[in-house]
Number of protein chains: 2
Amino acid sequence: MQLGLSVSDSDVSSFTPLVVLELADDTKAEAITWLLNRIRDKQKNGGAELLVDQLLFPAQDGQKSNPNVFVVGSTLQRLLKGAEDVGLFKEFQDGIMRGFTYANRESFKDFYGDGEGFLSDAECQYIIKHELDTLRAKNEEHVPGYPKVKLYPGKSVVRRLQSKGVLVQYFPLHNKEDLKRLSFSWYKKIKLSFQPLDDIRHYFGEGLALYFGFLEYFTFALVPMALIGIPYYLFDWEDYDKYVLFAVFNLVWSTVFLEVWKRCSATFAYGWGTLSRKKAFEEPRAGFHGALGFNPITGREEPVYPSSKRQLRIYLVSVPFVLLCLYLSFYVMMVYFDMENWAISVYNENPNFGTGILLFVPSIIYAVVIEIMNLLYRYAAEFLTNWGEPEILLFSCSSFNNILITVFFFFVCFQFNFVNCFASLFYIAFVMQDMVLLRQSLATLLITSQILNQVMEAFLPYWLQRRRNKKVHKRMRRVMGDKELPLLEQVQLETEMNTYLGTFDDYLEQFLLFGYVSLFSCVYPLAAVLVVLNNITEVYSDAFKMCHVFKRPFSEPAANIGVWQLAFETMSIIAVVTNCALIGLSSQVKAYFPESETQMILIVVAIEHVLLAFKFILAFVIPDVPKDIQVKLAKLEFDSLEALKKRVSTHLYMCTYLQHANRKCDHLYDRPCQKVLHC
Amino acid sequence: MQLGLSVSDSDVSSFTPLVVLELADDTKAEAITWLLNRIRDKQKNGGAELLVDQLLFPAQDGQKSNPNVFVVGSTLQRLLKGAEDVGLFKEFQDGIMRGFTYANRESFKDFYGDGEGFLSDAECQYIIKHELDTLRAKNEEHVPGYPKVKLYPGKSVVRRLQSKGVLVQYFPLHNKEDLKRLSFSWYKKIKLSFQPLDDIRHYFGEGLALYFGFLEYFTFALVPMALIGIPYYLFDWEDYDKYVLFAVFNLVWSTVFLEVWKRCSATFAYGWGTLSRKKAFEEPRAGFHGALGFNPITGREEPVYPSSKRQLRIYLVSVPFVLLCLYLSFYVMMVYFDMENWAISVYNENPNFGTGILLFVPSIIYAVVIEIMNLLYRYAAEFLTNWGEPEILLFSCSSFNNILITVFFFFVCFQFNFVNCFASLFYIAFVMQDMVLLRQSLATLLITSQILNQVMEAFLPYWLQRRRNKKVHKRMRRVMGDKELPLLEQVQLETEMNTYLGTFDDYLEQFLLFGYVSLFSCVYPLAAVLVVLNNITEVYSDAFKMCHVFKRPFSEPAANIGVWQLAFETMSIIAVVTNCALIGLSSQVKAYFPESETQMILIVVAIEHVLLAFKFILAFVIPDVPKDIQVKLAKLEFDSLEALKKRVSTHLYMCTYLQHANRKCDHLYDRPCQKVLHC
């Protein structure tokens with residue numbers, strides 16, 4: 001929590017700015033005053049008790065900059081109390097992660113002095129975000145100055161302002177020094193090393209750190225497969241058709257891969273304190289609107305959403321739309337096959353270098369179209385899910401009601417992308433049974449989509465960003481001359497950066513790569529090599545885009561990769577079936593059963609069942625959480641239940657104590673009291 | 001907790017006897033004195049603080065009865081404190097199940113006055129058992145009078161005495177009045193009604209109540225299948241071969257059956273307070289010996305067992321033995337087929353009524369042999385698992401280490417019984433493909449094993465018991481003449497009753513019946529009818545045997561049916577595969593694909609995969625715990641974590657409070673203090 005900058009040296013209320021709040025430049029003065037008062041007000045009066053200050057940009061010739069930009073900070077004490085509100089888990093003296101409380105802050109490890117440096121930057125910003133989000137309307141009926149922006153008791157002020165366009169955005173500020181240090185250790189070093197996951201977590205929060213952890217783990221896991229794949233491919237080690245061994249290796253690999261990841265992820269999440277922290281206990285997302293209700297778990301009054309009605313509407317509208325999209329996918333696939341046939345016929349008529357290259361053109365075009373369609377589908381799915389509810393952000397929903405919606409969105413997106421990417425491959429493999437075309441199609445798809453992804457994800461935004469940076473820089477120089485006002489410039493720059501939309505797209509990309517490798521790499525052993533190469537550059541481009549292309553995102557606490565674990569596991573089951581079917585199609589296996597195809601099929605099916613059973617037994621036998629962490633979690637739970645018992649007891653003791661202190665005091669301290677207390 | 005009897009009216013320490021303790025009749029006096037003192041001693045001195053009294057039987061002519069029989073009871077206060085020790089969950093004022101604490105006992109529902117009737121009989125006896133089991137040696141090096149019966153600090157006294165034969169047995173006493181009431185509402189009524197599960201739970205504890213709940217649920221679930229099966233069978237509704245529809249129904253049924261049961265079981269267990277109560281937090285089983293260790297969860301010092309060494313030994317010795325047993329099973333099966341063939345040939349030579357009956361003889365003999373082998377295997381498996389560790393009782397192990405052992409035992413038993421019962425049926429169905437023989441074999445197996453089971457389980461023990469009872473009764477009458485000493489007679493009678501060995505055998509029987517129904521009922525639709533009939537009599541015979549044949553067992557807290565859930569689910573997966581295969585074999589399906597067997601197989605395999613996928617999705621979508629109970633559990637957990645935070649805070653407050661009471665007091669009570677306390 002150390003930022004090099006402060007709002008203004010001369011200001012009495014000087015503080016470290018953590019979050020930027022941008023209001024529309026025509027916001028009415030009374031609304032601004034009201035909002036700032038609410039933010040500054042004491043907690044007991046329903047305020048957020050944060051520090052906030054206006055940033056005044058020097059007047060610029062011609063171009064008018066927005067005057068309504070504010071920076072929000074907080075005292076250390078407020079942040080520590082906020083850490084208790086959001087339910088952060090920190091390492092206790094005894095090495096166990098425990099819910100942080102302000103009262104016994106000094107018993108936590110790494111808490112020295114007044115607690116400077118105890119909370120990471122990302123945590124501080126997360127706390128401020130939480131406090132802003134839970135700043136709720138009291139008795140105001142509308143926002144002052146805006147009679148149409150209605151409020152009711154309990155409504156989140158910030159979200160209402162945001163949905164009505166009064167609040168343009170709010171985002172955490174980068175910390176230039178930390179960022180420099182992080183980016184050096186992360187991707188600027190030439191030395192090959194692990195990613196600094198703990199530093200990433202400190203700077204960006206657990207959600208992103210877990211993504212990069214997964215990316216690294218996945219890449220390392222692919223190395224053995226890539227090493228086996230290279231000789232297979234380069235030296236024609238064996239006939240391509242003899243891929244049975246490779247398929248079996250594939251199966252075992254994909255199962256062990258996912259099981260081990262669960263344990264890794266639990267270890268990460270435990271160390272980061274998110275494993276013990278239960279999502280259900282968090283405050284409801286500030287964005288929910290609808291009537292005020294009663295959260296049955298925490299017993300707090302909070303807005304609830306009538307979910308069943310909304311779900312019904314989503315399903316009714318979405319199902320036809322999804323079917324339409326799937327039809328489109330199949331149509332494009334058929335066009336691709338036509339193009340492919342046409343290219344082959346041209347090549348056959350006149351085989352030379354030009355027409356040889358032409359053979360690859362349909363696949364490349366198809367790959368590009370698939371990427372574009374994936375993108376469109378993603379927006380369509382998001383639109384469908386958010387339809388009419390612009391205030392609810394997906395993928396960060398921690399509430400009961402919204403899990404179903406998230407799963408639904410996920411399912412739609414998953415379906416689109418899965419069908420889009422794999423339909424043609426399945427068709428080629430099992431209907432056309434053309435292994436050569438399968439290999440070629442797979443290679444083209446993989447390479448094209450990788451190149452496109454890297455360009456779209458990092459380089460294009462970076463290039464746009466640089467142009468914008470230069471413009472801002474020049475403008476600032478022109479206005480201010482030699483005056484050094486780095487904070488103003490930084491805020492100006494970051495305000496115009498793009499917003500990072502969460503890890504969904506990144507995971508989706510890895511998921512599709514996992515699909516290519518686990519489903520078809522026995523046919524095209526080089527797939528694993530390509531994916532490894534892709535992921536190495538992916539680490540760099542993703543790291544770069546997080547540090548320099550996008551606005552810093554708010555930290556998202558994450559205990560695991562969520563639905564993606566399920567998605568990867570589903571894929572690995574599909575992989576068992578696909579690999580077994582590919583084995584059944586291989587001429588190598590067919591040669592063993594020259595007379596009876598039926599017998600061959602039965603044996604392949606039997607093997608498949610054994611493999612699936614083996615997979616489930618393996619998943620059952622390997623514990624999801626390593627034993628030492630299980631013990632620690634159980635200890636926490638034991639302590640909690642004991643505490644619950646004791647607490648009511650203590651409360652009773654305290655009551656009787658105050659009435660008959662001399663009789664009961666020895667129960668509390670194992671020694672008799674000397675004086676009596678009367679309150 | 002109201003028993004009609006008391007030890008002796010004239011005695012000063014008159015109390016309600018709950019548990020009987022029988023020492024060997026040659027036990028040395030000093031050991032008895034020592035043990036009784038330890039049991040009576042205050043808890044703070046390491047005693048159990050229970051009431052105990054010797055039962056003095058009048059001298060009998062000729063036959064000498066054991067003078068060392070004791071009854072154990074307790075004061076109500078001690079029982080309530082014990083309820084806190086064992087971690088009982090009871091319904092709180094707010095309708096949520098919470099860990100019972102003595103301090104706030106009055107805030108629990110159904111707690112009136114001094115708490116009379118708050119704890120059920122079974123709970124009281126469970127608490128006494130727990131207190132006896134956790135009566136640990138202090139500094140004694142051996143049991144007084146027995147220099148060879150070594151003790152070390154922390155060793156359970158009762159278990160050591162039991163393993164050395166000094167303590168013959170200890171068991172809970174029946175409560176004649178309650179038993180009469182229970183048995184009337186349970187099985188003596190003619191009226192058809194649900195079982196009184198809550199009463200059963202009150203009297204026998206959660207483990208048994210859950211078994212009877214499952215038995216009832218299973219029977220009801222079978223009714224629709226039986227209703228469909230009867231017309232199929234009786235009126236030859238359709239050709240037997242047209243069992244495809246029935247097989248599909250089977251699949252859906254078995255999946256839904258298990259999913260719904262999970263919810264039922266959670267509902268039961270929540271209401272009984274066992275769902276929230278975590279096994280891992282219980283005290284370690286008193287029976288563990290080995291060095292003293294440190295339980296990482298509760299932080300208590302307790303004996304631990306070097307489990308890995310033991311596991312290795314078990315596996316090394318067991319695997320060859322298991323293989324041998326399986327070989328034996330197959331050998332017997334082959335002998336059965338030979339007999340079957342012989343019977344058929346005899347019948348074919350001379351078909352008349354006598355030889356017609358002969359056709360069934362091999363199946364009947366085989367069924368009887370299977371039952372005997374099941375019994376032998378069960379003992380073998382228990383022996384293997386317990387080998388060298390006679391002190392450890394299975395199926396009630398709640399500790400970390402022993403779960404693996406239990407699973408192992410279970411697995412061995414499961415394997416034995418599964419192979420034993422189903423091997424021949426699978427062989428007939430898929431190798432011989434003889435549906436007529438399958439039907440006949442299935443019917444004979446089912447009926448024979450049902451009859452055998454009922455006789456072996458209830459009627460034979462009852463007959464033996466009655467003979468014994470009469471003898472005891474006559475003896476008592478002879479000795480005491482007209483003096484009414486019902487307690488003495490009751491103890492005498494119950495001491496000689498057989499011990500109930502737990503629900504394992506009962507569940508195993510249901511599991512095998514479930515197997516017959518779900519695997520093969522499409523071939524023999526009457527199977528469900530037979531199982532329903534069996535289960536109706538089973539309820540009565542099981543209820544009867546619990547009430548009148550066996551000693552009353554100690555209650556076992558159970559939150560679910562444990563490994564059996566997994567076993568039933570595994571069986572239902574096997575059922576999908578088997579039913580699909582049976583569909584593939586049906587002439588009805590074969591007729592659709594007259595030219596291509598390959599195509600037919602591929603389609604059946606595809607359908608099977610879809611069904612399996614459907615099954616997993618269904619299991620994933622249906623929550624295991626009903627939503628209202630989920631909410632209550634989450635609330636408990638939330639409260640616990642909050643309490644843990646507050647507790648340390650309160651503790652800190654209390655400390656500072658005592659130092660600077662006038663400054664801090666307002667934090668505690670929201671109002672300033674008036675006087676200062678110094679301890």
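Reply: Start with the pairing of β2(A) and β3(A). These strands run antiparallel and share five bridges. One of the pairs joins Q54(A) to F70(A) in β3(A). This is a predicted model, so please read every contact below as a prediction.

Now the other neighbour. Strand β1 (residues 19-23) of chain A also pairs with β3 (residues 69-73) of chain A, again in the antiparallel sense, over four bridges. Within that pairing, E22(A) has V69(A) as its bridge partner in β3(A). V19(A) stands opposite V72(A) in β3(A).

How enclosed is β3(A)? Five of the five residues in β3(A) are buried, so the strand is largely enclosed by the rest of the structure. In a regular strand, side chains alternate between the two faces of the sheet. Look at each face of β3(A) in turn. V69(A), V71(A) and G73(A) lie on one side, F70(A) and V72(A) on the other, and all are buried.

Next, a buried polar residue in a helix. N535(A) lies in helix α16 (residues 526-549) of chain A. Its relative accessibility is 0%, so N535(A) counts as buried. The side chain of N535(A) makes a polar contact with the side chain of N534(A), at 3.3 Å. Leaving aside residues up to four places away in sequence, N535(A) touches L215(A), F218(A), T219(A), Q510(A) and L513(A).

The helix with the same number in chain B can be checked for length. Helix α16 (residues 526-549) of chain B has 24 residues, which at 1.5 Å a residue should span 34 Å. Its end C-alpha atoms are 32 Å apart, which agrees. α16(B) is mostly covered, with 19 of its 24 residues buried.

Strands β6 (residues 142-143) and β7 (residues 146-150) of chain B pair in the antiparallel sense over two bridges. H142(B) has K150(B) as its bridge partner in β7(B). Two residues sit between the strands of this hairpin, and G145(B) takes a positive phi near 90°.

The model scores ipTM 0.73 and pTM 0.77. Chain A has a mean pLDDT of 77, and 79% of its residues reach 70 or more. In chain A, confidence is highest in helix α1 (residues 29-40), at 92, and lowest in helix α21 (residues 661-669), at a mean of 38. Two stretches of chain A call for care. Over residues 1-13 of chain A, pLDDT stays under 50, and the model has 34 contacts there beyond four places in sequence. Over residues 388-402 of chain A, pLDDT also stays under 50, with 44 such contacts in the model. Where pLDDT is low, the predicted coordinates should not be read in detail.

Definitions and conventions:
Residues numbered from 1 in each chain as written. Chains lettered and ligands numbered in written order. Predicted model: local features only at pLDDT ≥ 70, side-chain atom pairs only at ≥ 80, totals over all residues. Heavy atoms only, no water. Pairing = 2+ DSSP bridges. pLDDT = per-residue confidence, 0-100. Contact = heavy atoms within 4.5 Å. Buried < 20%, exposed > 50% of the residue type's maximum accessible area, 1.4 Å probe, protein only. Polar contact = N/O pair within 3.5 Å; in protein donor to acceptor, adjacent residues only side chain to side chain. Expected span 1.5 Å × (residues − 1).
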